[in-house]
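Please read the model alongside the paragraphs below, which go from contacts inside one chain to a contact between chains and end with a single residue.

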Amino acid sequence: MQFDRILLSHGSGGRLSQQLIHDVFLKELGNEILDELNDSAVFNVAEGKLAYTTDAYVVSPIFFPGGDIGRLSACGTVNDLSMSGAKPFYLSASFIIEEGLSINDLKTILMSMKQAADEARVKIVCGDTKVVGRGMADKVFITTSGIGLIPDGIDISPRRIRPGDSVILSGTIGDHGIAILSQREGLGFSSDFISDVAPLNHLVASMLDEVGNDIHAMRDPTRGGLATTLNEFAQVANLGMRIYEDKIPVQDNIRGACELLGFDPLYIANEGKLVAIVENVAGDRVLACMKRHPLGINAEIIGEVVEKPEGMVSLVTRIGGTRVIDMMVGDQLPRIC
Amino acid sequence: MRYIDEFCDPGLAKRLVESINRLSDKEIVLMEVCGTHTMAIFKHGIKKLLAPSIRLVSGPGCPVCVTAAQDIDVARWISRQKDVIFTTFGDMIRVPGGASSLERQKGQEGADIRVVYSILDALDIARNNPTKRVVFFGIGFETTAPSIASGIQLASKQGLDNFFVYSCHKLIPPAMKALLESGEVKIDGFICPGHVSTIIGAKPYEFIAEQYHIPCVITGFEPLDILQAILMLVKARESGQVGVEIQYTRAVKHEGNVVAQRILAEVFEPIDAVWRGIGVIPDSGLKIRQEYSRFDALLQFEMPEMSDKSDLSNLSDCICGLILRGIAIPTDCPLFKTVCNTENPVGACMVSLEGTCAAYYKYSP
Amino acid sequence: MCLGIPVKIMKISDSLAVVEIGGVKRQASLALVEDVRVGDYVILHAGFAIQKVDEDDARESLRLLEEIGICDI
């Protein structure tokens, strides 16, 4: 019997669950490890340092220009692994599905996840599905965990940040957050906003191949935007940062949307960008290497790490003034005044 | 972007700064009245570029900051009534009233409170929800009030019977007058609000030049606009030629926007109003006229007495009032950054995205 | 004093216009302005155009700004 919507019984572990797993999950995501359907995925790992991360994805709406929750959940976890210099290998994916979700929507999400995983050359090797009653979840929530291997000798961590280091941004900011916002009711504007959601591991691999540990730290500026990430680095390293407003790349339509809404692109989420703190003398080489990669063509050196004031990020404005960039507080709201 | 980028040119900014600093040997105190100017000054890091003899002081120009606590309590009360959809501009949602804010009302008690970008959105909501009473929270100065007036006229034309406006609109020149009459702060020049002036023109500020001999410059919001205005004020002080000048010529005419003024006068009339931290200022608020009274939320709902907590005496250390009058700066406040910050704001100056305290907190070391 | 931004009028129908900035389009009411045409710039505030941007005045402003520092005091 075919169903077009997820029912509570799909999560109960019985025949319907089995049908869902075989006909939908394995069909879209299957690989030699997942297909075994053991209680645990079993595989060999090379000796060395492992990186391990997890994240839950509750984005709304679940489909947006440039991606969906499936792509986001795969890329997000791949990216977290990459930020510590790890080469990602395997992901797990657990789904909490609201009763009534269309099975076609679920299939689209899984296909998206598989495509992202293929782009990143990772495999989804284990998973879980639960179904909850209507109203108990918002369509679908996905949690992914991931494992990666850190190449020998590589040590990427904010505690390696030093005064004089260059701050490099891989591309334009604000794209993902505005793409999501543009789908929400009541904003009433239109443009071609496209989320930047993408797996960054190949870009990172090329950067590590180029300069190795001259990369001191990396992070992807997701929630809270670039401003929050820079503040996190400054606080952990107990150093300051000086960033140049005219060096930060922002697309025209993102600037337009931010002007209309009174938002600041520095605080808007990105899902396909990274910030790298790099040994000063290696800055130009890393930049050139990034620009050769499709996900880094708009990369820029946007500033430098300074000794003081500690823990503070300051911005040199377009007209040569200075101001402090704080961490984000609450949600940005559309404003009149 | 057109009409933005040209007025951000760093080379021209540098020359303006040099010209300003060359002229500034004695101290000069300039007040920017408008919250958007406060933010722009901080955002572009203008203060640090200027000689220390130039002091920029912020006035009561943030309509969110000056909305009385009791008015917010009235808004919260309305939002709790049966079948009400309460619509508001985004910045009002976190401002604390006497006991709570609209945001907490929405979160904790499930009131239907919706952020809108324009009164036109609220009208759409009213049309789409004929069984609900849709109330729009009218906040803003003369820049915003004409569009609210236009919205009310549209509601009338469309025959809507479920749409109401709770008007807390305020007027800028009476507040400037009250500030000058109090004599509390010595001001050598006013950076006048660009978009309020787009509506009202230059005439309403003439009393400042004529009676108080203080020069006024109506100013735009890009860095070159603000720097040029500061230069004009410094020069006016040097030459002794005091008047009302328009720096923001591309958007402000001497007579203002007469169409907007007409529509405003058709729908609203002046009324005394309570300004948070300042008190009652005569003829500084706007009330919906008799002809449109069927859209007045105050007449639609039978409200209980709200006690006046606008003096914030139960939060005795908060000095928002002094800050709004330009007598103190945020760093003078014992609560600043200690108890009061952008995550847990005590007074309106910290909550509002354009409040002076929020600006200092976010943008200053 | 309020978030007013210069936007370009792309299309007009009755008293509503489609306006644009940075490629982003939005609807705006023209109830508060007169004599505006497609291609004009207006100041947009809370969903309403509140004034036409005067191109000549803008150019004159920039010209004056450019003179500052060259022939000033």
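Between domain 2 of chain B and domain 3 of chain B there are zero residue pairs in polar contact with both residues at pLDDT 80 or more, a polar contact being a pair of N or O atoms within 3.5 Å in which, within protein, one must be able to donate a hydrogen and the other to accept it, while residues adjacent in sequence count only if both atoms are side-chain atoms. The count of salt bridges between these two domains is likewise zero, where a salt bridge is a side-chain nitrogen of Lys or Arg within 4 Å of a carboxyl oxygen of Asp or Glu. The side of domain 2 that touches domain 3 in chain B has five nonpolar, one polar and two charged residues, with Ala, Val, Leu, Ile, Met, Phe, Trp, Tyr, Cys and Pro taken as nonpolar, Asp, Glu, Lys and Arg as charged, and the others, Gly among them, as polar.

This is a predicted model, in which local features need pLDDT of at least 70 and side-chain atom pairs count only at pLDDT 80 or more, whereas totals for chains, interfaces and linings use all residues. Residues are numbered from 1 along each chain as its sequence is written, chains are lettered from A and ligands numbered from 1 in the order in which they are written, and side-chain values use heavy atoms, with hydrogens and water left out.

Eight residues of domain 2 of chain B are in contact with 12 residues of domain 3 of chain B, contact meaning heavy atoms within 4.5 Å. About 910 Å² is buried between these domains, 67% of it on carbon and sulfur atoms; buried area is the accessible area (1.4 Å probe) that two parts lose on being put together, summed over both.

Turning to the contact between chains, 51 residues come from chain B and 38 residues from chain C, and the area buried between them is about 3,700 Å², of which carbon and sulfur atoms give 65%. One salt bridge is counted between chain B and chain C: B:Arg2 pairs with C:Glu55, their closest N and O atoms being 3.1 Å apart. The side of chain B that touches chain C has 27 nonpolar, 16 polar and eight charged residues.

Finally, is B:Thr219 buried or exposed? B:Thr219 has 0% relative accessibility and therefore counts as buried, the class for values under 20% relative accessible area, with exposed over 50% and partly exposed in between (1.4 Å probe, protein chains only). Beyond its neighbours within four places in sequence, B:Thr219 is in contact with residues including B:His37, B:Asp225 and B:Tyr248.
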